[in-house]
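Dear colleague,

I am handing over a structure for your attention, and a short account of the findings follows it. Please look through the sequence and the model first.

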Amino acid sequence: MSSDSYDIMRRAVVEALGARPTPERRRQIAAELRALAEQQERMAKRAEAQRLPDVTERRAAHTARMYIRIRYETDPHTGARRTRLLFGKQVWFDLGSPERVVIQRVGSEIWIVESKGESGLHVETDIGLPGCIVPDGTPLDRLAPGRYSASLRAGALIIGAQEEK
């Protein structure tokens, strides 16, 4: 036991005993300390049985939850259908929290990359998930609305398969 934790616990026991503890009070405090010690032993055994995954396992599970969402909505001014692209917060942070993005087809994949300067689609971050309105004619036109897995490669967000509901 470190001297810091010993001092903390000793002060707590002295405070619990009071100014002039009776032998009965000392026995009561000792019984409570034993009960606390047994509880801590049980909690330690339970934690060992439920071993937490190591850092690489947590990262692998974390990236599996990275996603984007494609949603159709009605333009409030024209009434036309438009497409909104929403980024899961973690994937947006991992992408570098860009203010603007470009959507492009690279081979059979759809990549979303940060845009430099004033080109690209503006990412709105003021309400809910970061997202942008996607004009017609982008590679996203071929995707149905829904949630899609996403991964990062070479600084680009790669859109994966649509997730089951």
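Leaving aside its neighbours within four places in sequence, which residues is Phe87 in contact with? In this predicted model, the contacts of Phe87 are Tyr67, Ile68, Trp92, Val101, Ile112, Val123, Leu129, Pro130, Gly131 and Leu157.

Phe87 also belongs to the largest nonpolar core, which has 22 residues. Together with Ile68, Leu85 and Leu140, Phe87 is among those with the most contacts inside that core. Two or more residues each come from β1 (67–74), β2 (81–87), α4 (89–95), β3 (100–106), β4 (109–114), β6 (131–134), β7 (146–153) and β8 (156–162). The element that gives the most is α4, with three residues. In soluble globular proteins, nonpolar side chains tend to be buried together.

The strands form an open sheet of eight, in the order β5-β3-β4-β8-β7-β1-β2-β6, and their pairing is antiparallel. At the edges are β5 (121–122) and β6, each of which pairs on one side only. Within the sheet, β7 and β8 run antiparallel and are joined by five bridges. The bridge partner of Arg153 is Ala156, in β8.

Turning to the aromatic residues, the structure holds one aromatic pair. Trp92 is buried, at 12% relative accessible area, whereas Phe93 is partly exposed, at 46%. Two arginines also lie over tyrosine rings: the charged end of Arg81 is 3.7 Å from the ring centre of Tyr72, and Arg147 is 3.7 Å from the ring centre of Tyr67.

A search of the whole structure finds eight salt bridges. In one of them, the side chains of Glu109 and Arg153 meet at 2.7 Å, N to O. Glu109 lies in strand β4 and Arg153 in strand β7, so this pair ties together parts that are 44 residues apart in sequence. Another joins Glu163 to Arg147, with the closest N and O atoms 2.8 Å apart. That pair links the segment after β8 with strand β7, 16 residues apart.

Arg82 forms a salt bridge with Asp75, at 3.7 Å between the closest N and O atoms. Asp75 is buried, with a relative accessible area of 17%, while Arg82 is partly exposed, at 22%. Both residues belong to a network of salt bridges that also links Arg71, Glu73, Arg84 and Glu124.

Yours sincerely

Conventions:
Residues numbered from 1 in each chain as written. Predicted model: local features only at pLDDT ≥ 70, side-chain atom pairs only at ≥ 80, totals over all residues. Heavy atoms only, no water. Core = buried A, V, L, I, M, F, W, Y, C linked by side-chain atoms within 4.5 Å. Buried < 20%, exposed > 50% of the residue type's maximum accessible area, 1.4 Å probe, protein only. Helix = DSSP H or I, 4+ residues; strand = E, 2+ residues; numbered from the N terminus. Contact = heavy atoms within 4.5 Å. Pairing = 2+ DSSP bridges. Phe/Tyr/Trp six-rings, centres within 6.5 Å; stacked < 30°, edge-to-face > 60°. Lys NZ or Arg CZ within 6 Å of the ring centre and 35° of its normal. Salt bridge = Lys/Arg side-chain N within 4 Å of Asp/Glu carboxyl O.
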